[in-house]
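Biologist: Walk me through this one, please.

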Amino acid sequence: MSVQGNIVSNIKGSLLADFIIPATYAKAFEVKQGQVLNIVQVEGPQMVDAVFLNARDLKEVFHAGWTAALNMINGTGTMKKVAKLYSKPPRDNVMLEVLEDPVGVHLPWNGGRCSRGFYEGIGMRNHRSCQDNLAEVLAPYGLGEDDVPDVFNAFMNVAGIEEGKFETVMPASKKGDYIALRAEMDILAAVSACPFDLLYTPRPLQIQIVQPD
């Protein structure tokens with residue numbers, strides 16, 4: 001059954017789900033094969049840590065490094081933008097395809113996320129983290145902390161790569177920007193509105209699931 005509301009992307013179809021992930025928190029949900037997932041910067045620039053698993057076989061998961069490598073080999077991606085998201089070897093399957101990406105500035109090859117240990121290392125105890133967020137929302141699916149796979153760092157922007165450095169800078173996105181991904185298999189997704197307040201004030205994310213016409 002569709003829900004009321006406007007589809008943020010240019011995808012024509014029925015809006016099946018439309019909800020908000022609060023700033024610094026995460027949510028897990030399923031996206032069926034052929035459906036489109038819109039991840040929206042609903043209030044302004046906000047980094048996204050998203051994980052994707054095969055909903056019918058949780059051993060098949062998104063792999064950041066392999067995604068970046070295959071896109072660059074195939075001429076469909078750069079260090080900041082990819083066209084397809086792949087599962088890790090030995091599966092090597094396309095899990096999602098990027099249909100619309102107005103911003104085109106992400107960190108598709110890293111696969112990392114902030115963690116409890118990261119914050120404790122800089123003297124910030126009891127700080128929310130994407131690792132804990134994702135582990136928490138994946139727990140009902142029988143997954144533990146060690147089962148959180150690589151993340152797709154959507155809207156994460158870094159500088160200094162050419163000089164051999166790695167500096168996280170403000171996302172290039174603005175309020176209303178989005179990325180639209182079509183599921184190429186039944187997907188279990190978990191999305192965290194990254195609580196990295198060393199850079200910005202964390203903001204919520206809007207999630208839409210669309211059944212195309």
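Modeller: The lining of the largest pocket has seven nonpolar, four polar and two charged residues. A pocket here is an open set of points on a 1 Å grid where a 1.4 Å probe fits, with protein on both sides within 12 Å along at least five of seven lines; lining residues have an atom within 4 Å of a point. Asp, Glu, Lys and Arg count as charged; Ala, Val, Leu, Ile, Met, Phe, Trp, Tyr, Cys and Pro as nonpolar; the others as polar.

Biologist: Which residues are closest to the centre of the largest pocket?

Modeller: R113, C114, M156, T168 and F196, out of 13 lining residues. This is a predicted model, with pLDDT of at least 70 needed for local features and 80 or more for side-chain atom pairs, while totals for chains, interfaces and linings use all residues. Numbering runs from 1 along each chain, and side-chain values use heavy atoms, without hydrogens or water.

Biologist: Switching to S87: buried or exposed?

Modeller: S87 is buried (under 20% relative accessible area), at 0%.

Biologist: How many aromatic pairs?

Modeller: Four, counting rings with centres within 6.5 Å. F52 and F62 are edge-to-face (planes over 60 degrees apart), at 6.3 Å and 85 degrees.

Biologist: And what about F62 with F152?

Modeller: That pair is also edge-to-face, at 6.2 Å and 75 degrees. F62 and F152 are both buried, and F52, F62 and F152 form one aromatic cluster.

How values were computed
Buried < 20%, exposed > 50% of the residue type's maximum accessible area, 1.4 Å probe, protein only. Phe/Tyr/Trp six-rings, centres within 6.5 Å; stacked < 30°, edge-to-face > 60°.
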